[in-house]
Amino acid sequence: MTVLIDVKSFEFYKMFVDNKFGKLSVYYGAIGFGENQNNGCEILRILSPMPSLQDLYRQLEKIHEKKIRTRLILQNWTRNQITDALTAFCQQGLPLPNLFEDGTARIEGLSVFQLSCYQQTSRIPHGETRPYHWLAERMKKFGAERAIGGAMRSNPFPLLIPCHRVVKKNGNLGGYLGNDSPDCWQTSLKKTLLDIESLHNQPSLFSIAPGRLLSIAG
C-alpha cells in the first residue's frame, strides 16, 4: 500500500550560476519538509536551484499534485541546519554529508535498484565525476546505463544525493534534471555545481580571483 505524505513547509535557498556568456544569474531552490521528528527532520523533496522563482513555483505546484511516498529522515539535523548546509554547498562548495555512511539517515519509498544506485552515486568523491558505466559496474548491473540514467532523473533528493557527479563516458557533462541539451539551464547548473566543488578541493585557486569568489559567495 502506498503511504501518502504531505509537505508541511518549504525552505528556500539560492546559488549563483554562470551561463554560457559568463554572466552570473541567481538560481532558487527549495526543500520540502514533512512532519517534525524527534531529534531530526523529515525531507520529502529537494528541488535543485532553478533560474527563476516562477520556475520554482511551478515545480512546487507539481509536488502538491503528486503522490509522495519517498522520504528522507535525518537524525540530529534541524531544518535550519539542512537549509544552511545546502546554501553553503551551493555558494561555497562546502561538502555535504554522505547519507549512506554516517548512519544518521534513513530513506523510505525507493526501489532496491534506486537505493543501490544512489548509494553508489554518494560514494563519488566531492569534486570528482564518474561515468554511468562505473555505477553499473559497482552495482553489478552491467549494461544498465539507461536505467541508471532514469534513476538520476528521478532523484528526489538532488545535491544530497549527488547525481550531478555522473557524466558521460567521453567526459561530457551529459544531462541533468531530465534535460541534456548543452545550451539548457540545467547543464549550466550542473557545470557550476562541479566547478564549485573543484574550487573547494583546490583552495589556492580562490586567491587567483578574489573578486569572483565574493560574487559567488554573495
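**Entry 1: N39.** I started in a loop. N39 is exposed, at 61% relative accessible area; exposed means over 50%, buried under 20%, and partly exposed in between, with a 1.4 Å probe and protein chains only. N39 sits between β2 (24–37) and β3. N39 is not a glycine, yet its phi is positive, about 60°. Most residues other than glycine have a negative phi.

**Entry 2: ground rules.** I noted that this is a predicted model, where local features need pLDDT of at least 70 and side-chain atom pairs count only at pLDDT 80 or more, while totals for chains, interfaces and linings use all residues. Numbering runs from 1 along each chain as its sequence is written, and side-chain values use heavy atoms, with hydrogens and water left out.

**Entry 3: fold.** I found seven helices and seven strands in the protein chain. They are DSSP runs numbered from the N terminus: helices are H or I with at least four residues, strands E with at least two. The order along the sequence is β-β-β-α-β-α-β-α-β-α-α-β-α-α. Of the 218 residues, 44% count as buried.

**Entry 4: cores.** I looked up nonpolar cores, meaning sets of buried Ala, Val, Leu, Ile, Met, Phe, Trp, Tyr and Cys residues joined through side-chain atoms within 4.5 Å. The largest has 41 residues, and I43, L86, M152 and L159 have the most contacts inside it. A second, separate core of 10 residues includes V7, F10, L47 and L56.

**Entry 5: L159.** Is L159 buried or exposed? L159 counts as buried, at 2% relative accessibility. L159 lies in the loop between α5 and β7 (166–167). Its phi is positive too, near 80°. Beyond four places in sequence, its contacts (heavy atoms within 4.5 Å) include Y13, P49, L86, F89 and Y176.

**Entry 6: S52.** I checked the loop between β3 (40–50) and α1 (53–65), where S52 is found. S52 counts as buried at 18% relative accessibility. Its side chain makes a polar contact with the side chain of D55 at 2.9 Å. A polar contact is a pair of N or O atoms within 3.5 Å; within protein, one must be able to donate a hydrogen and the other to accept it, and residues adjacent in sequence count only if both atoms are side-chain atoms.
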